[in-house]
Amino acid sequence: MGITSFLSAYLVLVGLMLGSFINLAADRVPRGESIVRPRSHCRSCGRVLTFVDLLPVAGYILRAGRCASCRTPIGAAAPAVEAVSGACMLAALAWLGLWPGAMAGLALVALWGLGVTGLATRRRSEL
Ligand SMILES: [Zn+2]
């Protein structure tokens with residue numbers, strides 16, 4: 001594998017992880033909670049999420065979409081948000097190359113994150 005494909009794969013992974021962070025932000029920002037603390041945990045049983053739970057998309061599949069201890073459904077929106085983030089990065093890299101694709105990909109993911117978090121905030125204020 002060449003250095004370019006290695007870097008591309010790494011950047012797509014970064015996109016997926018940013019997707020995880022977007023989920024966290026969309027969950028906490030509308031509630032006025034900190035996005036830094038506490039560590040990610042299940043809203044129902046309080047179980048602190050492990051490495052497996054935090055794997056973008058794969059964690060959802062491995063846990064069959066449910067919390068490992070209380071079986072509360074996580075919701076299909078979470079892996080979808082992560083997949084779109086990874087896809088934004090992948091599309092930018094495929095279209096523009098490693099550079100400036102990486103920058104464009106990060107910008108796309110940032111816009112996506114703002115959109116998702118903004119929507120979640122609006123939804124909550126309407127409830
Ligand atoms: Zn739980």
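Mentor: Two residues are in contact if their C-beta atoms, placed from the backbone, lie within 7 Å. With that rule, Ala102 touches Leu11 and Leu93, leaving aside residues up to four places away in sequence. The model is a predicted one.

Trainee: Where does Ala102 lie, and is Ala102 buried or exposed?

Mentor: A residue is buried if 20 or more other C-beta atoms lie within 10 Å of its own, and exposed if 12 or fewer do. Ala102 belongs to helix α5 and has 20 other C-beta atoms within 10 Å, so Ala102 is buried. Its C-alpha is 9.8 Å from that of Gly15, a residue 87 places away along the chain.

Trainee: What does Leu93 touch?

Mentor: Leaving out residues up to four places away in sequence, Leu93 touches Ser8, Leu11, Leu98, Gly101, Ala102 and Gly105.

Trainee: Which residues have the most contacts inside the largest nonpolar core?

Mentor: A core of this kind is a set of buried residues joined through their C-beta atoms. Here the largest one has 17 residues, and Leu11, Ile22, Met89, Leu93 and Val116 have the most contacts inside it. Two or more of its residues come from each of α1 (3-28), α4 (77-96) and α5 (98-126).

Trainee: Then to the helix pairs. At what angle do the axes of α1 and α5 cross?

Mentor: Angles under 35 degrees count as roughly parallel. The axes of α1 and α5 cross at roughly 15 degrees and come within 9 Å, which makes α1 roughly parallel to α5. The crossing of this pair is right-handed. On the α1 side the contact includes Thr4, Leu7, Leu11, Leu18 and Ile22, and on the α5 side Leu98, Ala102, Val109, Trp112 and Val116 are among the residues. By class, the contact of α1 with α5 has 12 nonpolar, 6 polar and no charged residues.

Trainee: How far apart are the axes of α1 and α4, and at what angle do they pack?

Mentor: The axes of α1 and α4 are 7 Å apart, and the packing angle is about 145 degrees. The crossing of α1 with α4 is right-handed. Residues of α1 such as Leu11, Val12, Leu18 and Ile22 are among those that meet α4, where the partners include Val81, Glu82, Met89 and Leu93. The contact of α1 with α4 has 13 nonpolar, 7 polar and 1 charged residues by class.

Trainee: Are α4 and α5 roughly parallel or roughly antiparallel?

Mentor: An angle over 145 degrees counts as roughly antiparallel. The axes of α4 and α5 cross at roughly 155 degrees and come within 7 Å, so the two helices are roughly antiparallel to each other. Their crossing is right-handed. From α4, the contact includes Val84, Met89, Leu93 and Trp95, and from α5, Pro100, Ala102, Leu108 and Trp112 are among the residues. The residues of the contact of α4 with α5 divide into 16 nonpolar, 3 polar and no charged.

Trainee: Is Trp95 buried or exposed?

Mentor: Trp95 lies in helix α4. With 10 other C-beta atoms within 10 Å, Trp95 is exposed. Trp95 also shows how sequence and space can be read together: Gly46 is 49 residues away from Trp95 in sequence, and the C-alpha atoms of the two are 42 Å apart.

Trainee: Next, the backbone. Which peptide bonds are cis?

Mentor: The bond from Arg37 to Pro38 is cis, with omega near -10 degrees. Pro38 sits in the loop between α1 and α2 (51-54). The bond from Trp99 to Pro100 is also cis, with omega near 10 degrees, and Pro100 has its place in helix α5.

Trainee: Where are Ala64 and Arg71 found?

Mentor: Ala64 is in the loop between α3 (58-62) and α4, and Arg71 is likewise in the loop between α3 and α4. Ala64 is exposed, with 10 other C-beta atoms within 10 Å. Arg71 has 12 other C-beta atoms within 10 Å, so Arg71 is exposed.

Note on methods: Residues are numbered from 1 along each chain as its sequence is written. This is a predicted model: local features need pLDDT of at least 70, side-chain atom pairs count only at pLDDT 80 or more; totals for chains, interfaces and linings use all residues. A nonpolar core is a set of buried Ala, Val, Leu, Ile, Met, Phe, Trp, Tyr and Cys residues joined through C-beta atoms within 7 Å. Helices (H or I, at least four residues) and strands (E, at least two) are DSSP runs, numbered from the N terminus. Axes are lines fitted to C-alpha atoms, for helices over the stretch in contact, and angles run from 0 to 180 degrees between N-to-C directions. Angles under 35 degrees count as roughly parallel, over 145 as roughly antiparallel, 65 to 115 as roughly perpendicular and the rest as oblique. A crossing is left-handed if the near helix is turned anticlockwise from the far one by less than a right angle, and right-handed if clockwise. Ala, Val, Leu, Ile, Met, Phe, Trp, Tyr, Cys and Pro count as nonpolar, Asp, Glu, Lys and Arg as charged, and the others, Gly among them, as polar.
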